Amino acid sequence: MNNILVTKEVTKKFGEHIALDKVSLEIPKNSIYGLLGPNGAGKTTLIRIINQIMFPDKGEVLFNGETLKPHHIAQIGYLPEERGLYKSMKVGEQALYLAQLKGLSKAEAKRRLKFWFERLEIGDWWNKKIQELSKGMAQKIQFIVTVLHEPKLLIFDEPFSGFDPINANIIKDEILKLKANGTSIIFSTHRMESVEELCDYIALLHRSEKILDGKLSDIKKAYKNNIFNVGIETQNADALLKELANKFQISSSRYNANENQLDFTLQLPTSDSREVLTYLSTKANINHFVETIPSANDIFIQTVQSKGSYE
Amino acid sequence: MNKLPLIIKREYLAKVRNKSFVVMTFLSPILMVGMVVLIAYLTKINDNEKRVICILNESDFFSNEFVITKSTSYVNFSDISLEAAKDSTAKMGYYGLLYIPDESDLEKVTERSFLYTKEAPNTSVLDKIEDIFQERLQQQRLQEMGVSAKDFSAMDNRFEINIATFAGETNIKGINEIKALIGGGFGYLIMMFIIIYGGFVMRSVIEEKTSRIIEVIISSVKPFQLMLGKIIGTSLAGITQFAIWIVSASLLLLIAFSIFDIDPSALNSNSQITTGMGANMAPPLPTADQTMQLYAQELFNIPWAMLITFFLVYFILGYLIYSSIYAAIGAAVDNETDTQQFIFPIILPLMLAIYVGFFSVFGNPHGPIAVGFSLFPLTSPIVMLMRLPGGIGEGGVPIWELVTSILLLIITFIGIVWLASKIYRVGILMYGKKPTYKELFKWLKY
């Protein structure tokens, strides 16, 4: 059993509107799984189904190999995008309440909260009311409450929103630590740089359907199109370019006469670059020869746009 | 582990720790008692006002009929002109001048008598003077007909028929109204409780929506559990508040009345119907004490245990029905200003129940309208309670009606709570514009 969560052809309708159309996902254990997609693609609906806030019309969800049941709630932690806390309740009291709702005993919850409050250096907030805290401070409490019951599966929906860069980094490190401790994490965001940084796997939802999923490195490989950025040193740029253009597909070339530096982009028919490298090495001194790997951002935009106009 | 007690506890504590709730809890009895004391005090002052009426009597038909009472005294003028009498009355600042002219017979005297006052006269003053004239006229006519006052009073038979049920229970007149009033009191209590604490439930749902904590909570508990916990927690807070109100208000009232030396029964004196001239000639009725005893006995005979049991049944079912509707409304909207349109249809059956109760059930507790409204689930908690003090079974509410009413209420309770929890479940995750009734209907299918 290598998957913490599997959805099988999950379909959800709201009246006439289809929010999820036969979405099948496999979320491996001990990994960070990026759930991506444009606004309104169905990410939140899927997350709510995993949290049993909603129930699918068709299809099945398996948690750790078992059909998803109410008792699994204690093994899932969810940080929703639309989140908040009771404004007039004290921080400690509130955190205790939410922890107890997740099934922790009061004593155990207190012990763990003390630990986390010290770890994130917010010990003196215990008796403050939420309305006295800044947004970022409240987000920290919310993060602690989400992970406190040590769930097997954590779901973070835009976890970094509301954090300044320093605190965002602290939270990012905590997420990586959680993964290192064996937790599986579903991570939904629009910030592609954090997808690059954190995700092992991704799935892309668009218009209620899954249009792409798999290991991020595999997807990147699949999206490579054998384009290389090349920089060489030559005094005879024009002639060389002409010669090259006859043999290969060359584009966006740029010559710096002062430093005899010629940069260009090279499109190869396959990923095999040995021939061109051999050829180039006889002609000039090669400064760099780099294959361009598409970013998550590129993949996102390219895939979504290929599926029709993005609204 | 069952999470419901946790939710109830939080909702209860959140409510009773709320500053405005605490202030209301302790301020309301003081305000209420203050109001009652003020009214009683003002009534007392009002009664203490002494009016002096001057009389210019030129007739022989009246001599000593005008007796000084607690609130009115008389000053007699003689041998001055009407104008002079008016002037001096005004100058001395007395209430008014009663002019009785000298005429050949009593009819004419009464026809030509006038009461002059500075402002339009008080009705109680008028009543008093008119009574004196009427009585004098009556005496005169009786004399003319040769009937002695003694014979007349022997003739005056005020009659009240004895009433009893087939089961043989005798009743005294008016007790049905009093019983309905007691039931009405219970019904009114239910209505107030629903409106006040239903509103609290609604606001608490809206608060969870606007603070965006709702999704965090319902990833841990079922929306239905949260809704139920909220309703129970809030009503426990409400019961606490009611208990504090009742205890502190009665204590304060007791203290206030002993300090200000106000007789609570004085408050009711206005409602007593004066029987006019017949009063002093009427045959001996049961004295007030005897009547009070009878009423007390009747009140004692009201099946209180039964009444309170059914009060609790109707209260719990009725309150749950209405407060789950309030919860659904809270879930459907984003802020309190949007709730008006949805609240009106809820208040309507409650108001209807109270009005139908007071206008129809009091007069005829077992008439078709009373029966209909005590079966209809949205009004039965109030209307049935107004009928119940009359007892169950023969002479009271038929058992089948009671059973049907409660069954219908239970079925409605299940149906409404189910519908409300569906709307609640969808609504708490909806932000943005206020939904229409059509959209609410669509949510039921989500």
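## A look at chain B and the chain A sheet

Of the 446 residues in chain B, 29% are buried. Keep in mind that this is a predicted model. Chain B contains 16 helices and 6 strands. Take the contacts in chain B between residues at least 6 apart in sequence: 75% of them link residues at least 24 apart.

**Where the chains meet**

On the chain B side, 18 residues are in contact with 20 residues of chain A. Helix 1 (4–16) and helix 8 (214–218) of chain B each put at least two residues into that side. Helix 8 of chain B gives the largest share, with 4 residues. Sorted by class, the side of chain B that touches chain A has 9 nonpolar, 6 charged and 3 polar residues.

**The sheet in chain A**

Over in chain A there's an open sheet of 6 strands, ordered 6-7-8-3-9-10, and its pairing is mixed. Strand 6 (76–79) and strand 10 (209–215) of chain A sit at the edges, each pairing on one side only. On average, neighbouring strands of this sheet are turned by 15 degrees against each other, direction ignored. Helix 10 (residues 296–306) of chain A packs on the sheet and touches strand 3 (32–36), strand 9 and strand 10 of chain A. The direction of this helix makes about 30 degrees with that of strand 9 of chain A.

**Strand 9 and its partners**

Strand pairing in a sheet goes through backbone hydrogen bonds, and it can be parallel or antiparallel. Strand 9 (residues 201–206) of chain A is joined to strand 10 of chain A in antiparallel fashion, while strand 3 of chain A runs parallel to strand 9 of chain A. Here's how the two pairings compare:

| Strands (chain A) | Bridges | Direction |
|---|---|---|
| strand 9 and strand 10 | 6 bridges | antiparallel |
| strand 3 and strand 9 | 4 bridges | parallel |

Tyr33(A) stands opposite Tyr201(A) in strand 9 of chain A, and Leu204(A) is opposite Leu212(A) in strand 10 of chain A. His206(A) has Glu209(A) in strand 10 of chain A as its bridge partner. Strands 9 and 10 of chain A make a hairpin with 2 residues between them, and Arg207(A) in the turn has a positive phi of about 50 degrees.

Strand 9 of chain A is largely enclosed by the rest of the structure, because 6 of its 6 residues are buried. In a regular strand, side chains alternate between the two faces of the sheet. Tyr201(A), Ala203(A) and Leu205(A) point one way from strand 9 of chain A, with Ile202(A), Leu204(A) and His206(A) pointing the other way.

Note on methods
Residues are numbered from 1 along each chain as its sequence is written. Chains are lettered from A and ligands numbered from 1 in the order in which they are written. This is a predicted model: local features need pLDDT of at least 70, side-chain atom pairs count only at pLDDT 80 or more; totals for chains, interfaces and linings use all residues. A residue is buried if 20 or more other C-beta atoms lie within 10 Å of its own, exposed if 12 or fewer, and partly exposed in between; C-beta atoms are placed from the backbone. Two residues are in contact if their C-beta atoms, placed from the backbone, lie within 7 Å. Ala, Val, Leu, Ile, Met, Phe, Trp, Tyr, Cys and Pro count as nonpolar, Asp, Glu, Lys and Arg as charged, and the others, Gly among them, as polar. Two strands pair if DSSP finds at least two bridges between them. Axes are lines fitted to C-alpha atoms, for helices over the stretch in contact, and angles run from 0 to 180 degrees between N-to-C directions.
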